[in-house]
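Biologist: Please take me slowly through one part of this model, the contact surfaces, and spell out the cut-offs as you go.

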4 protein chains.
Amino acid sequence: MIKVGIVGSSGYAGGEALRILLQHRDVEVSVVTSKKYAGKQVFKVHTNLKGFTDLKYSDKSPLDVASEVDVMFLAVPHGESVKITPKILEQGTRVVDMSADFRLKNPEDYPKWYGWEHTAPDLLSKFTYGLAEIHREELKSAKNIASPGCTACCSIYGLAPFAKAGMLNGTAIIDVKTGSSASGSSVSLASNFSEHANSVRIYKPWGHRHIAEIEQELSYVSGKKQKATMSAHSVNMVRGILATSSFFTEEEIVEAKVWGAMRAMYKDEPFVRYIMDKSGVFRYPDPKIVAGSNFVDIGFEYDKHANRMISISAIDNLIKGAAGNAVQSMNIMMGFKETEGLMQAPFHPM
Amino acid sequence: MIKVGIVGSSGYAGGEALRILLQHRDVEVSVVTSKKYAGKQVFKVHTNLKGFTDLKYSDKSPLDVASEVDVMFLAVPHGESVKITPKILEQGTRVVDMSADFRLKNPEDYPKWYGWEHTAPDLLSKFTYGLAEIHREELKSAKNIASPGCTACCSIYGLAPFAKAGMLNGTAIIDVKTGSSASGSSVSLASNFSEHANSVRIYKPWGHRHIAEIEQELSYVSGKKQKATMSAHSVNMVRGILATSSFFTEEEIVEAKVWGAMRAMYKDEPFVRYIMDKSGVFRYPDPKIVAGSNFVDIGFEYDKHANRMISISAIDNLIKGAAGNAVQSMNIMMGFKETEGLMQAPFHPM
Amino acid sequence: MIKVGIVGSSGYAGGEALRILLQHRDVEVSVVTSKKYAGKQVFKVHTNLKGFTDLKYSDKSPLDVASEVDVMFLAVPHGESVKITPKILEQGTRVVDMSADFRLKNPEDYPKWYGWEHTAPDLLSKFTYGLAEIHREELKSAKNIASPGCTACCSIYGLAPFAKAGMLNGTAIIDVKTGSSASGSSVSLASNFSEHANSVRIYKPWGHRHIAEIEQELSYVSGKKQKATMSAHSVNMVRGILATSSFFTEEEIVEAKVWGAMRAMYKDEPFVRYIMDKSGVFRYPDPKIVAGSNFVDIGFEYDKHANRMISISAIDNLIKGAAGNAVQSMNIMMGFKETEGLMQAPFHPM
Amino acid sequence: MIKVGIVGSSGYAGGEALRILLQHRDVEVSVVTSKKYAGKQVFKVHTNLKGFTDLKYSDKSPLDVASEVDVMFLAVPHGESVKITPKILEQGTRVVDMSADFRLKNPEDYPKWYGWEHTAPDLLSKFTYGLAEIHREELKSAKNIASPGCTACCSIYGLAPFAKAGMLNGTAIIDVKTGSSASGSSVSLASNFSEHANSVRIYKPWGHRHIAEIEQELSYVSGKKQKATMSAHSVNMVRGILATSSFFTEEEIVEAKVWGAMRAMYKDEPFVRYIMDKSGVFRYPDPKIVAGSNFVDIGFEYDKHANRMISISAIDNLIKGAAGNAVQSMNIMMGFKETEGLMQAPFHPM
């Protein structure tokens with residue numbers, strides 16, 4: 001039983017991390033912090049957790065938290081983690097960072113994609129990108145984890161098998177549809193129910209910062225430089241991401257070859273499911289049937305008319321796209337059972 | 001480890017029973033039946049359960065199922081259960097009936113509320129109404145369980161403390177708002193997304209059949225004849241029920257007295273939560289924060305202007321309002337830990 | 001052709017007033033004000049109106065606006081109107097006030113229901129309550145209009161026929177379900193899509209300020225003091241209100257008598273529809289099929305089991321519940337065709 | 001004033017055609033047919049139209065309808081129109097066909113995309129593709145109109161300016177997100193609210209039949225063969241389509257050049273709006289702010305990282321994507337004012 005602290009656990013990703021860790025048998029959540037809600041019971045903010053914890057929010061500094069726990073989850077805004085992490089690492093506490101601050105291996109990607117110079121570039125190598133399906137072996141000996149971005153990992157899951165198999169040539173074209181929870185719990189007119197309901201809002205037609213991670217990881221598995229372009233939309237739902245990823249090919253890719261690539265990538269993966277059916281309601285992956293779980297669902301089709309390979313992937317953005325992946329990676333790092341706390345069936349209909 | 005069969009498990013309540021029981025440590029689901037999907041894998045219908053079971057739907061008769069299992073869950077339409085149950089009981093298999101066929105103690109209530117004569121009135125006494133918060137002691141020695149209706153139990157949870165405390169005089173006025181899943185998975189124009197989305201549909205302004213259960217149980221706990229009137233609405237959501245229940249009083253009921261009644265009814269209940277807050281987003285019960293769980297959330301207010309006591313209760317209609325209550329009651333009946341398979345935190349936001 | 005100004009037209013009700021008035025053949029909208037958006041084009045805020053107007057928001061004072069127009073629409077917060085209206089009236093400009101500040105005839109109702117003393121009680125009699133179905137004759141000679149509250153008028157439409165016919169004895173029980181737009185465009189965590197979607201939130205179990213209007217108007221049509229209690233819920237939709245209103249009766253009220261009461265109240269009303277059908281999708285009023293229109297739909301049922309008369313009424317909260325009623329009343333006051341600008345069919349499905 | 005008949009007006013597109021035509025000043029809707037609802041009043045099916053018409057559904061044959069009217073709207077399933085149209089044309093009645101049966105100029109496209117041989121290939125030239133922005137001149141002398149498909153025209157609006165300007169080289173990649181009403185009012189488990197809500201369902205990853213129209217029209221405006229690939233998704237809303245269309249370019253396309261292409265295509269178009277803003281809620285086109293109107297909203301961005309031109313277009317699928325475009329084209333054909341019956345501002349928020 002290890003002690004875990006969560007810094008910034010009043011938001012959605014932090015709340016889900018808390019929910020999962022409260023039900024995790026190898027972990028005790030000993031401290032959660034929030035400046036805004038310091039002194040308040042956690043269930044005043046995460047009302048859903050009433051009955052599951054009597055924890056109160058602490059206003060302890062991250063460094064003080066670090067001195068009390070074995071693993072720290074950071075659910076802080078991008079750019080905040082890099083300020084507090086160096087001293088935590090000095091202290092020897094392990095960090096599971098849910099922000100973007102240590103995801104990219106190349107320091108130059110930070111000014112390019114995030115608009116700021118990385119102030120601790122030497123620490124980038126101390127973090128392992130928390131995607132078990134690609135980095136499981138490294139995670140076993142990892143000290144710290146940089147947990148992937150939600151639209152990033154959803155896209156990577158769909159495209160990595162093709163990259164690994166050498167089938168992904170040319171620029172990958174990604175169209176993502178995300179639920180509102182992906183943009184967090186901060187308030188604005190745009191996030192008002194009246195403004196968001198019944199809308200399909202393209203919030204990032206291009207230049208999404210997650211492209212940096214996507215290109216990094218696809219390049220990693222393929223062994224060559226990969227390029228991607230993404231249009232990101234927010235749709236009328238709370239949870240989930242669907243990524244429709246595609247790329248043009250010189251010649252037709254037959255189904256058997258795709259299955260081979262899938263198996264080479266995902267054989268024995270506990271959280272990958274193929275959703276491919278000729279009948280029924282759910283013939284392809286859909287965020288609706290992964291919601292509430294750590295699964296990633298994957299399917300594919302080939303467009304013979306245009307020579308386009310199409311991959312479809314769906315996740316729960318707050319679980320497999322955030323807190324679930326973080327816990328899965330921590331489980332591996334700490335030598336726990338990889339699926340501990342995460343093997344929950346999705347609900348239907350929800 | 002007992003063997004359980006589910007008859008009619010292709011619908012929503014049966015699907016949730018299956019989901020819960022697949023993750024229940026004292027139970028093996030050995031057979032699930034469906035005429036329509038016989039021979040097909042369960043996950044072709046309940047795609048969410050892919051990865052959790054390789055069971056196929058069987059077309060075995062209920063009687064054949066009964067001979068193989070210790071407990072049978074019946075998730076069949078009202079009026080069907082009464083046809084198959086007598087022979088199952090003869091065989092000695094325990095039944096957890098999720099239909100209405102054995103909920104009412106007085107056979108005359110069937111023609112009155114359901115429009116048909118009960119054909120096995122002598123069996124009504126063989127079933128215990130599966131509401132642990134009222135009938136826990138009886139459930140310990142029960143042989144068979146009649147699991148409550150969804151809007152019925154949600155209303156009962158809100159009103160029973162007042163009935164038990166002798167505070168409920170006059171007719172209880174219940175206004176329920178249910179999610180679409182309460183009406184099952186059968187198709188009709190009215191249930192089409194295009195027709196149902198963005199609607200508030202009063203589907204039963206009065207005369208809802210669940211009133212029979214409500215009056216029966218409220219009368220049971222109060223020891224006197226209770227009367228209720230309900231208007232039932234289907235709103236733009238999939239899961240959950242909110243019941244706004246009220247009654248006029250001669251004089252003001254002070255808060256302390258209500259808390260006393262609540263505690264007298266729900267002290268130490270594992271699945272009852274009070275949601276009452278002066279600040280925050282969720283100040284009263286809301287289906288949104290119980291969804292995916294077996295909790296019932298309860299709150300109350302007193303209208304001094306009109307001398308009206310108002311009780312607010314929220315459940316997940318498919319869990320606490322159906323499969324969850326059924327499993328909770330079975331756990332008690334079978335001597336399992338009462339919360340086994342059911343102690344899952346709700347998700348937020350969902 | 002008259003000139004109209006709208007003060008505070010950046011919100012939802014003001015935006016709808018603008019939309020309607022831009023398409024009104026007897027009106028020219030000559031000035032719209034907004035402190036926040038002064039200098040900006042209206043369509044930067046109300047993007048839907050792009051192509052319909054090149055108006056820019058002005059930061060003129062209400063008094064300056066008054067000097068330029070024939071009629072002023074006030075779409076300002078409650079408590080603001082009473083500060084600016086006295087000087088406008090002095091100047092002789094007609095006011096259509098969409099706030100609550102001049103709705104109540106009895107000054108004492110303001111401290112009781114709104115928590116503040118009315119500072120211009122002598123002006124209350126200068127305003128006519130803008131509900132054409134009750135006050136059409138007074139509106140013909142009105143100088144100023146106090147446009148009704150949204151949940152108030154929806155409830156009044158459902159109950160007034162009974163009150164007028166002397167059938168409403170005892171306290172009226174009102175349960176309303178409103179769309180999110182009823183709470184305006186100000187931002188808060190509670191109004192975030194992620195928090196509001198899939199919820200049924202009881203935001204005012206009792207003590208809603210609109211009860212003051214409801215009791216006032218029901219008492220007016222019945223000639224005796226009427227009492228009401230209301231529980232108000234916000235549901236998962238943007239537009240519309242459904243009011244389920246009821247009252248207990250000594251004896252059964254037969255349908256013919258209700259029809260008589262309805263006709264006595266609503267005969268020849270251009271915007272009242274009865275929705276009562278034994279088959280089809282929409283058997284009772286539903287916000288879904290009035291959305292986008294100035295109609296109020298009405299239906300009813302009698303609960304024989306509990307001797308309760310049930311009235312169901314639905315409106316578009318921003319049209320019949322705000323801007324539409326305001327324009328309808330203005331049309332009468334100014335001698336225009338009553339339906340001008342308002343006779344638009346609802347869309348389906350929406 | 002001409003007489004118009006609508007065949008098959010019980011569905012959504014037919015219902016919207018009826019709604020628009022009932023409010024059209026140059027048209028009398030004299031007959032509407034429906035086999036299923038023959039003899040019933042129209043408002044029993046389209047409850048929203050109560051108060052706007054007392055028409056009853058007729059079971060007259062299309063040919064009988066043709067003999068009574070000047071223009072016939074056909075809102076029948078694909079494959080039905082081609083059976084009834086030849087005899088109607090012989091009779092000289094003008095046809096506005098909302099099905100796909102006469103949209104494609106090349107008869108060979110029917111077996112290729114629709115799977116059936118066209119039985120009246122010589123009549124294809126008698127129909128003008130009803131997209132005023134491309135075919136206005138032809139429509140002025142047209143006899144019959146083939147009204148475009150909803151996802152087709154939305155995509156064409158986004159891509160045509162580039163095609164016309166010679167900027168569209170290589171395959172166009174289209175990702176569409178449609179509301180549920182695009183799939184009509186027929187019932188199935190997949191269209192149930194419980195199954196569709198909160199989902200993002202890719203229903204046609206490739207091979208959508210509308211590609212045939214898209215390629216035809218883009219080739220027409222560009223004067224060279226154009227190719228397209230489309231992935232079509234159904235999202236959690238009722239109305240509207242967003243098309244995110246893109247294509248790779250050799251070199252960067254500067255904004256001024258795009259504006260030039262837009263103006264060359266859409267100058268003076270009454271129903272085209274550009275939605276491009278650096279601030280505010282709606283910075284790009286969104287179905288939410290065209291819903292209820294005949295507008296098409298267009299925006300664009302250039303991805304410098306991947307050399308990809310991105311066009312964003314949004315329509316109301318039942319209006320600009322069906323009945324509105326049909327009426328607009330009819331207006332031109334009949335010499336009416338082009339905007340008659342169609343110049344309605346969208347509602348917000350809806």
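Modeller: Two residues are in contact if their C-beta atoms, placed from the backbone, lie within 7 Å. Keep in mind that this is a predicted model, where local features need pLDDT of at least 70 and side-chain atom pairs count only at pLDDT 80 or more, while totals for chains, interfaces and linings use all residues. Residues are numbered from 1 along each chain as its sequence is written, and chains are lettered from A and ligands numbered from 1 in the order in which they are written.

Let's start with chains A and D. Here 40 residues of chain A touch 40 residues of chain D. On the chain A side, the elements that give two or more residues are β8 (172-178), α8 (193-196), β9 (201-204), β10 (228-234), β11 (241-248), β13 (296-303) and β14 (308-315). Helices and strands here are DSSP runs, numbered from the N terminus (H or I, at least four residues, for helices; E, at least two, for strands). By class, that side of chain A has 18 nonpolar, 12 polar and 10 charged residues. In this scheme Ala, Val, Leu, Ile, Met, Phe, Trp, Tyr, Cys and Pro count as nonpolar, Asp, Glu, Lys and Arg as charged, and the others, Gly among them, as polar.

How do the two copies line up? Superposition is by least squares on the C-alpha atoms of residues with pLDDT of at least 70 in both copies. Chains A and D meet through the same surface, because 100% of the interface residues of chain A are also interface residues in chain D.

Now for chain C. The contact with chain A involves 14 residues of chain A and 14 residues of chain C. The side of chain A that touches chain C has five nonpolar, nine polar and no charged residues. Chain A goes onto chain C by a turn of 180 degrees and a shift of 0.0 Å along the axis, with an RMSD of 0.0 Å. The two copies are therefore related as by a two-fold rotation axis. They use the same surface too, since 100% of the contact residues of chain A recur in chain C.

There's also a contact inside chain A. An automatic or database domain assignment sets the domain bounds, and for chain A it gives domain 1 (2-129) and domain 2 (151-315). Taken over C-alpha atoms, the centres of domain 1 and domain 2 of chain A are 27 Å apart. Domain 1 of chain A puts 10 residues into the contact and domain 2 of chain A eight residues. On the domain 1 side, the largest share, three residues, comes from helix α5 (residues 109-114) of chain A. That domain 1 side divides into six nonpolar, one polar and three charged residues.

Just after α10(A), A:Asp268 takes a positive phi of about 65 degrees.
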